[in-house]
Amino acid sequence: HQMLEQLEPARLDAESATRRDPTLCEAWRLRALVSAEPTEKVAHYTKALATCPPGDEAALLQKRSTAHLGLKNLVEAMKDIDDAIQRAPGDAELHYQRCVVAWQGQNREGADGSCSEAIRLDPKHAGARRARGELRFELGRHADAVADFDELVFADAQDHAVRVAAQSGDD
């Protein structure tokens, strides 16, 4: 509740800016960002998509997909994330979000494929690896699930070793 109160001035500024000039992309983006309600977020990201210059659509579609997910509107969430992937096919985070949407829609095989693509694009994507491990466990592919979890532990241990070595070098 306190955080919403702290965001109120930004919400009012963005609302005022869009009233003065309804073509201000960044104001619509800000309104979506500070909106508490997913329905408002969807509407504001839709306005941002209509007013923003080309090149940022994938990020806006991803955010609108997340808002649709908050509304449990899986069909629209999937449409937006698929559209975002068409615009930025090499973005691992988009494929991971597609995994999340598919999983929530009970499409475990589709979710597995999307997580696998995210991992192919970014082998260190911990969220995709964790999700794929959980999915594979649910699918009864326990050896594959264990392999994903082992890879997570190995990557975490490697990252920890690098951090420790970097700290030792600072002394």
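**Salt bridges in the predicted model**

R120 and E117 lie 3 residues apart in helix α7 (residues 108-121) and are therefore separated by about one helical turn, helices being DSSP runs of H or I of at least four residues, numbered from the N terminus. The side chains of these two residues, R120 and E117, meet in a salt bridge with an N to O distance of 2.7 Å, where a salt bridge is a side-chain nitrogen of Lys or Arg within 4 Å of a carboxyl oxygen of Asp or Glu. R120 is exposed at a relative accessible area of 55%, whereas E117 is partly exposed at 22% (buried means under 20% relative accessible area, exposed over 50%, and partly exposed in between, with a 1.4 Å probe and protein chains only).

The structure is a predicted model, in which local features need pLDDT of at least 70 and side-chain atom pairs count only at pLDDT 80 or more, while totals for chains, interfaces and linings use all residues. Residues are numbered from 1 along each chain as its sequence is written, and side-chain values use heavy atoms, with hydrogens and water left out.

By the salt-bridge rule, the count comes to 14. In helix α8 (residues 126-138), R130 and E134 are 4 residues apart, a separation of about one helical turn, and their side chains form a salt bridge at 3.0 Å, N to O. R130 is partly exposed at 33% relative accessibility, and E134 is partly exposed at 32%.

A further salt bridge links R141 with D144, with the closest N and O atoms 3.1 Å apart. Through salt bridges that share partners, D112, R129, R132, R136, R141, D144 and D148 are joined into one network. Within this pair, R141 is partly exposed at 29% relative accessibility, and D144 is partly exposed with a relative accessible area of 31%.

Methods: Helix = DSSP H or I, 4+ residues; strand = E, 2+ residues; numbered from the N terminus.
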